[in-house]
Each structure stands twice: as structure tokens, then as C-alpha cells.
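Subject: Structure handover, salt bridges

Dear colleague,

Please find the structure below, with its sequence. My notes on the charged side-chain pairs follow it.

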Amino acid sequence: SGQTQQLQVQVEALESERKELLHELETLRSKCSELESQVHESNKELKETQSQLAKIEEEKKAMESMFSKEQQAVQSLRDELDAVLKANEEAYSSHAEIVAQKTE
């Protein structure tokens with residue numbers, strides 16, 4: 001009958017729409033899976049980058065510490081040099097006075 005035929009057409013249309021929706025669902029699942037994989041890789045790269053950054057920070061602190069110690073050592077050497085120069089100057093002045101007194 002006409003009603004049965006009309007229902008058959010509707011069933012076929014719904015079946016066709018269901019197939020399309022299932023296909024779309026599979027496509028979305030596939031895209032979702034790809035995105036999850038990309039997120040996983042990105043997180044892995046982020047952790048590696050953070051680890052490298054932490055190592056660089058440690059190296060920076062070590063270098064700053066070494067630089068500070070070297071600056072202190074340089075300042076100590078400057079102080080020693082100043083003391084030696086001052087002592088030499090005083091010794092020279094004393095010697096010059098003694099020579100001057102002897103020549104008077």
C-alpha cells in the first residue's frame with residue numbers, strides 16, 4: 001500500500017542518515033585520537049623543555065657562584081697588591097730620608 005511504501009522511504013532515509021552520522025562519528029573519533037596523540041607528544045616535549053630549563057638554571061646559579069668567588073679572589077689580589085705597593089712606597093720614602101740625612 002501507499003502508506004507502507006511511504007514508511008519504507010522514511011526508513012531508508014533514516015537508515016541513510018544513520019550511516020552518515022556513524023561515518024561522521026568515526027571521523028570525529030579518528031580526529032580526536034590524532035589530537036590526543038598530539039597532546040601527548042606536546043606534553044612530552046614540554047616536560048623535556050622544562051627539564052632542560054631546570055638544568056640551565058642550575059648551571060646559571062653555579063656560574064654566578066663561580067663568578068662571585070672569582071670577583072672576591074680578584075678583589076683580594078688587588079688588596080694585597082695595594083698593600084705591597086704601599087709598603088714599597090713607605091720603604092722607598094724611608095730609604096730616601098736616610099739617604100738625605102746621610103748627605104747633609
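Glu26 is partly exposed, at a relative accessible area of 47%. Its side chain meets that of Arg29 in a salt bridge, with an N to O distance of 3.1 Å. Both residues sit in helix H1, three residues apart, so about one helical turn separates Arg29 from Glu26. Please keep in mind that this is a predicted model.

Searching the whole structure gives four salt bridges, and the Glu26 pair is one of them. Two others are described here.

Arg18 and Glu15 are joined by a salt bridge between their side chains, at 2.9 Å from N to O. The two belong to helix H1, which covers residues 2-103, and are three residues apart, about one turn of the helix. Arg18 has 45% relative accessibility and therefore counts as partly exposed. Glu15 is also in the partly exposed class, with a relative accessibility of 33%.

In the pair of Glu41 and Lys44, the closest N and O atoms of the salt bridge are 4.0 Å apart. Glu41 and Lys44 are again in helix H1, and because they are three residues apart, about one helical turn lies between them. Glu41 is partly exposed, its relative accessibility being 36%. For Lys44 the relative accessible area is 42%, so Lys44 is partly exposed as well.

Regards

How values were computed. Residues are numbered from 1 along each chain as its sequence is written. This is a predicted model: local features need pLDDT of at least 70, side-chain atom pairs count only at pLDDT 80 or more; totals for chains, interfaces and linings use all residues. Side-chain values use heavy atoms; hydrogens and water are left out. Helices (H or I, at least four residues) and strands (E, at least two) are DSSP runs, numbered from the N terminus. Buried means under 20% relative accessible area, exposed over 50%, partly exposed in between (1.4 Å probe, protein chains only).
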